Amino acid sequence: MSRALDASVVILSYDRVHLLERALTACLADRTADALAWEIIVVDNHPDKLAERMIARLAQVAPAPTTYLSDARRNVSIVRNLGIAKAHGRYVAFIDDDEAPETGWLKELVATLDRTAADAAFGPKHPEFEGGVAPAWDRQGWRYTLDMQMQQDEPIHMFGRLRKKGKGLGSGNAAFRVATCFDTPEPFSVAFGDGNGEDTHLLFRLALAGKRFVWAPNARVREFIELDRAKPSYMVTRMKRGSQHYAASRIATSDRKLYTQVRVSLLGLAQFGVHAGLYLATLEWLRRGSFDHRIGMAKGLGKLTWRAPIGFIDEKAA
């Protein structure tokens with residue numbers, strides 16, 4: 001396929017059409033992107049094609065070509081791969097449907113990849129809470145923030161002693177060089193597409209292949225956190241699921257799977273044991289607004305239960 005455009009922005013949607021419109025409106029309102037040749041591709045994963053009419057309406061006035069695609073198979077990897085297959089950009093930038101980019105977002109990602117010749121660039125996510133305030137149990141919104149606090153173009157390490165710099169990274173608010181990251185028929189593994197573990201698996205695979213990741217601190221997005229996702233029960237479930245994704249992806253991409261499985265299991269046991277002890281010793285179980293060690297235990301359990309993945313979270317029942 002001809003790569004005639006600078007970038008393709010790919011957004012996936014299921015049933016959050018109201019948030020998808022917020023994300024698209026912010027993308028299309030960013031006039032700093034006018035200097036780029038770019039497009040938007042929306043892939044609707046809902047069987048009823050909930051986003052189709054809204055996309056048709058916005059496409060009529062959009063300053064960039066806007067394409068609507070749909071696939072009802074409930075698998076994030078399938079719809080991500082569909083978006084990539086239809087993209088015409090040298091870079092594919094992913095943004096989640098609950099994220100609204102700030103001014104200059106796409107320009108910053110493209111400029112970072114052009115300047116560094118890196119394979120992928122990532123930017124910070126900051127929360128915007130429904131009701132205007134963070135929940136009482138996380139008053140700074142720290143659990144909902146992804147910001148490495150790194151310098152422009154600074155390398156991100158996924159493994160080794162510096163691995164902590166890559167914690168929490170995903171495909172939301174990220175741009176990838178198509179020629180080096182998406183050069184296989186199935187860039188995102190369909191086996192990891194049930195419940196959003198596909199991006200962790202991709203990043204591990206790319207990192208092990210020697211691809212370079214860099215930080216783009218000025219490519220910022222605001223993630224809208226609805227009331228149901230601001231509950232601590234949701235965060236406990238989300239952290240356990242994320243830890244399952246880490247374990248499953250780390251094992252699947254390792255060339256020493258048994259060794260890695262044992263190592264991940266021991267890490268999970270230690271994490272659970274330490275936080276369980278601190279949960280009791282600090283009397284967290286008596287303090288209604290404290291959940292640090294419960295979240296820590298959930299992360300440890302995730303590494304021990306990766307064979308029984310949580311899958312998609314019913315956010316209203318979390």
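Predicted model: local features only at pLDDT ≥ 70, side-chain atom pairs only at ≥ 80, totals over all residues.
**The chain as a whole**

The protein chain contains 9 helices and 11 strands, and along its principal axes the C-alpha trace spans about 60 × 45 × 40 Å. For 318 residues a compact globule would have a radius of gyration near 20 Å, and because the protein chain has 19 Å, the two values agree. Buried residues account for 52% of the 318 residues, while the accessible surface of the chain comes to about 14,900 Å², with 54% of that surface belonging to carbon and sulfur atoms. When contacts between residues at least 6 apart in sequence are considered, 79% of them join residues that are at least 24 apart.

**Strand β2 and its partners**

Strand β2, which covers residues 38-44, is mostly covered, with 7 of its 7 residues buried. From this strand Trp 38, Ile 40, Val 42 and Asp 44 point one way, whereas Glu 39, Ile 41 and Val 43 point the other way, and the residues of both groups are all buried. Strand β2 pairs with β1 in the parallel sense, and β2 also runs parallel to β3, to which bridges join it. The table sets out these two pairings.

| Partner of β2 | Residues of partner | Sense | Bridges |
|---|---|---|---|
| β1 | residues 5-13 | parallel | 7 bridges |
| β3 | residues 66-70 | parallel | 5 bridges |

The loop between β3 and α3, a helix of residues 76-85, holds Asp 71. Is this residue, Asp 71, buried or exposed? Asp 71 has a relative accessible area of 14%, and because buried means under 20% relative accessible area, Asp 71 counts as buried. Its side chain is joined to the side chain of Arg 73 by a polar contact of 2.7 Å. Leaving aside neighbours within four places in sequence, Asp 71 is in contact with Asp 44, Asn 45, Ile 78, Val 79 and Leu 82. One of these residues, Asp 44, is among the buried residues that point one way from β2.

Notes: Residues numbered from 1 in each chain as written. Heavy atoms only, no water. Buried < 20%, exposed > 50% of the residue type's maximum accessible area, 1.4 Å probe, protein only. Helix = DSSP H or I, 4+ residues; strand = E, 2+ residues; numbered from the N terminus. Pairing = 2+ DSSP bridges. Rg over C-alpha atoms; globule rule 2.2 N^0.38 Å. Contact = heavy atoms within 4.5 Å. Areas by Shrake-Rupley, 256 points an atom, 1.4 Å probe, with all protein chains shown as cover. Polar contact = N/O pair within 3.5 Å; in protein donor to acceptor, adjacent residues only side chain to side chain.
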